[in-house]
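Subject: Structure handover

Hello,

Here is the structure for you to look at. My notes on the sheet and the helix packing follow below it.

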Amino acid sequence: MLICGITTAPRDQGAYYLDQTICSLRAAGARSIDVLAEPGSKVPGMESPCLTDCVIWNETRKGNWSNWVACAEHVLFLANETNEKFVVTCEDDVVFHPGALKFANSELTRLQEAGEKVGFLALYTSSIYQRAIPEGTHPYSTKSLWGACALAWPVESLRAVLDHPFAQKWRGMDSNPPSVGSPDICHADTCIGQTLVKLGLNGWFCRPCWARHVGAISSLRRVKLTPERQCSHFAGDGDVK
């Protein structure tokens, strides 16, 4: 089953969801689960039933964007070593349906065999997109991307995103952006979405979705878990048997 990489960072108020993410990926049959951890992050202890395969600690804070890049490079390295065709990048506050990785593998295979232009398959689909698509898996055109919480990738598509000059020069969306490589660069989801547009690839979204965003407290800022940051139709709610 798929190789999975998780980014994690400290959260306000002691909020912690990583155990739930790891346990759900184990239940879904993940081939390997590695965590890219920012300094000060909480990770499962030896007593936890949700141990990860490997925790890679950043010596200094990388920030939202650079830690995602490091995670993507890591899963691509593992995929190259094992000849895996697909990988998953996800955040530390997502709970996966037990059938999520099996679905991702079969659906990505189906789309590629049909000759579709596949950038990623979003296992978590924001309610924003779920309101716009019928039941099933569909491409959805967006100039950006709302949420990169749980993305399943063909390895060649993820490699193309990382190698694109737009992504390599990404500095976020702030009016006074930080320098390239700064740990203050954010909006990884926006960069991913815009890079796919430049590559001519589609993001594919699911209704129902196969992963649920559970983090009430963001690692980036204090925001509520609004409807836009959740999926409205989840496979575990009875939409899919």
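Which residue of strand 3 is the bridge partner of L36? It is I56. Please keep in mind that this is a predicted model.

Strand 2 (residues 32-37) and strand 3 run parallel and are joined by four bridges. They belong to an open sheet of eight strands with mixed pairing, in the order 3-2-1-4-8-6-9-7. Strand 3 (54-57) and strand 7 (136-139) are the edge strands, each pairing on one side only. On average, neighbouring strands are turned by 25° against each other, direction ignored.

Two helices that pack on this sheet:
- Helix 2 touches strands 1, 2, 3, 4 and 8, and its direction makes about 160° with that of strand 1 (3-8).
- Helix 7 touches strands 6, 8 and 9, and its direction makes about 145° with that of strand 6 (118-122).

These helices also meet each other. The axes of helix 2 (residues 63-82) and helix 7 (residues 188-199) come within 9 Å and cross at roughly 60°, so helix 2 is oblique to helix 7. N64, W65 and W68 of helix 2 make the contact with A188, C191 and I192 of helix 7. By class, that contact has five nonpolar, one polar and no charged residues.

Helix 2 has a contact with helix 5 (residues 155-163) as well: the axes come within 10 Å and cross at roughly 140°. This pair is therefore oblique too, and the crossing is left-handed. Here W68, V69, A72, E73, V75, L76 and A79 of helix 2 meet V155, L158, R159, V161 and L162 of helix 5. The classes are 10 nonpolar, no polar and two charged residues.

Regards

Note on methods. Residues are numbered from 1 along each chain as its sequence is written. This is a predicted model: local features need pLDDT of at least 70, side-chain atom pairs count only at pLDDT 80 or more; totals for chains, interfaces and linings use all residues. Side-chain values use heavy atoms; hydrogens and water are left out. Axes are lines fitted to C-alpha atoms, for helices over the stretch in contact, and angles run from 0 to 180 degrees between N-to-C directions. Angles under 35 degrees count as roughly parallel, over 145 as roughly antiparallel, 65 to 115 as roughly perpendicular and the rest as oblique. Contact means heavy atoms within 4.5 Å. Ala, Val, Leu, Ile, Met, Phe, Trp, Tyr, Cys and Pro count as nonpolar, Asp, Glu, Lys and Arg as charged, and the others, Gly among them, as polar. A crossing is left-handed if the near helix is turned anticlockwise from the far one by less than a right angle, and right-handed if clockwise. Two strands pair if DSSP finds at least two bridges between them.
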